[in-house]
Amino acid sequence: MIFTVENGCFDYDKKRQDNFLLQNINFSFSKGELIAVLGPNGAGKTTLLRCMMGLLPWRSGATLLDGENIRHIPYNLLWRRIAYVPQAKNPLGMFKVEELVLLGRSSHFSLLRQPSAQDREIAMDCLRRLHIQHLAGRNCRQISGGELQMALIARALAAQPEVLILDEPESNLDFKNQLVVLDAMSELVEQGIACVFNTHYPAHAMQRADKALLLDRQGHYRFGPTTEIINEDNIKNAFGVEAVIGEIETKHRIYRDILPVSVLKLDLESESLADANGANQKGEDHMTQENAEERSRETRVAIVGAIVEDRNAAEKINELLHEYAKYIIGRMGMPYEKKDVSIICVVIDAPEEITAALSGKLGRIHGVNIKTTYSRI
């Protein structure tokens, strides 16, 4: 499955012929990828999601699913492949959780047919996949915001989609429920579903997403590997704030985080307009690791250490290390049978962004605890 947006342009003012809210948006992703959409208020994050699904028509450009324009795909077939999770704002008190999830099966049968036993089993399986089967008989008005968000995700999964699109899924939730929703998305990606979510939390994107799409208020964008896109300069230009990206070390791994420290006094709108051509070019180049390597940047030696607690993770780890083989200068692995874990040590000489990308991808594999140590030179 390949999902593509080609030269997408949109604005709510139908008379406007230039300076659209969204201008010449180009990006693509495939199954098993987690994509984060970021940007300041008013940049068009939710609008982008609605346009890419066909809920709003592009002024120009198109959304393609495996090369076919989604406007040419029959409605019921399209919504079997794509599922949408809106923000959990409505109480939906008239439904029990199981009934809400069954609504996700509607694209698989006509309005005149009642859900079958198989439909009900699929709905229950979706609840089990998200570990909320105990809520099946509860009224939606009686569950928490995080539980309702999970129920809405289960409803979307009941359609058995290839692409799951979520609108600010962790907003208005406490820390625990934010993690519940983020963990659910990560698990679904591991199972082969492509997930796209827009967010107000750059740290969530850094810690979870494979790729990021960053919008600004002038309709420009950048798209590529998360470690390439979410950096201090891009955050400054998009949000108009000085921010610091750092690392927080825990007992199990190191997490990258971002802290906004001050509002810029510069006229960022003028600055962004002056740099518009360069920003669009970077977005259209997709900021791939290949063109990142071609730019002249210093490399640093780093050691990526991993303790692997899940034997099933070995294949995914080997695939990632093969992907980054040209940067790896040494590798060691050994089992420790007493604790039923494996220990892996990888020595890498690469730009920091590349090393951070490898560390982030390894850390998102279930059962893998990662820490990375950099040389000073």
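What follows is a chat about the cavities, pocket, cores and strands of a predicted model.

Trainee: Which residues lie nearest the centre of the largest cavity?

Mentor: Those nearest its centre are Met-206, Arg-256, Ala-356, Ser-359 and Gly-360, which belong to a lining of 23 residues. Sorted by kind, the lining of the largest cavity has 10 nonpolar, six polar and seven charged residues.

Trainee: And which element gives the most to that lining of the largest cavity?

Mentor: That is H14, which gives five residues to the lining of the largest cavity. The elements that each supply at least two residues there are helix H7 (202–208), helix H8 (226–229), strand S12 (254–263), helix H14 (352–363) and strand S16 (368–374).

Trainee: OK, switching to pockets, what volume does the largest pocket have?

Mentor: The largest pocket has a volume of about 1,100 Å³. It is lined by 36 residues, and the closest to its centre are Leu-179, Leu-182, Gln-207, Arg-208 and Tyr-255.

Trainee: Where does the largest share of the lining of the largest pocket come from?

Mentor: It comes from H6, with eight residues. Two or more residues of this lining are given by each of helix H6 (175–190), H7, helix H9 (232–239), strand S11 (241–249), S12 and S16. In the lining of the largest pocket, 17 residues are nonpolar, 11 are polar and eight are charged.

Trainee: What about the largest nonpolar core, which residues touch the most other members?

Mentor: Ile-153 and Leu-164 do, in a core that has 55 residues. Helix H5, residues 145–157, gives the most to this core, with eight residues. There is also a second, separate core of 33 residues, which includes Phe-27, Val-37, Cys-51 and Ile-165.

Trainee: Which residues is Leu-164 in contact with, leaving aside its neighbours within four places in sequence?

Mentor: With those neighbours set aside, the contacts of Leu-164 include Ala-83, Val-85, Ile-153, Ala-156 and Leu-157, and also Leu-188, Ile-193, Ala-194, Cys-195 and Val-196.

Trainee: I clicked on Leu-148 as well, so is that one buried or exposed?

Mentor: Leu-148 has its place in helix H5, and it counts as buried because its relative accessible area is 8%, while the cut-off for buried is under 20%. Leu-148 and Leu-100 are 48 residues apart in sequence, and their C-alpha atoms are 9.9 Å apart in space.

Trainee: Now the strands, how many bridges join S13 to S15?

Mentor: Strand S13 (residues 300–308) and strand S15 (residues 341–350) run antiparallel and are joined by nine bridges, and one example is Gly-305, whose bridge partner in S15 is Cys-345. S15 is also joined to strand S14 (residues 328–336), again antiparallel, by eight bridges, with Met-334 having Ile-343 as its bridge partner in S15.

Trainee: Which residue takes a positive phi in the hairpin of S14 and S15?

Mentor: Asp-340 does, with a phi near 55°, and this hairpin has four residues between the strands. S9 and S10 form a hairpin too, with five residues between them, and in that turn Gly-219 has a positive phi of about 85°.

Trainee: How many bridges join S9 to S10?

Mentor: Five bridges join strand S9 (residues 211–215) to S10, and the two run antiparallel. Leu-215, for instance, has Tyr-221 as its bridge partner in S10. Strand S10 (residues 221–225) is mostly covered, as five of its five residues are buried.

Note on methods
Residues are numbered from 1 along each chain as its sequence is written. This is a predicted model: local features need pLDDT of at least 70, side-chain atom pairs count only at pLDDT 80 or more; totals for chains, interfaces and linings use all residues. Side-chain values use heavy atoms; hydrogens and water are left out. On a 1 Å grid over the protein atoms alone, a cavity is a set of points where a 1.4 Å probe fits but cannot get out, and a pocket is an open set with protein on both sides within 12 Å along at least five of seven lines; lining residues have an atom within 4 Å of a point. Ala, Val, Leu, Ile, Met, Phe, Trp, Tyr, Cys and Pro count as nonpolar, Asp, Glu, Lys and Arg as charged, and the others, Gly among them, as polar. A nonpolar core is a set of buried Ala, Val, Leu, Ile, Met, Phe, Trp, Tyr and Cys residues joined through side-chain atoms within 4.5 Å. Buried means under 20% relative accessible area, exposed over 50%, partly exposed in between (1.4 Å probe, protein chains only). Contact means heavy atoms within 4.5 Å. Two strands pair if DSSP finds at least two bridges between them. Grid points are joined across faces, edges and corners, and a volume is the space filled by probe spheres set on the points.
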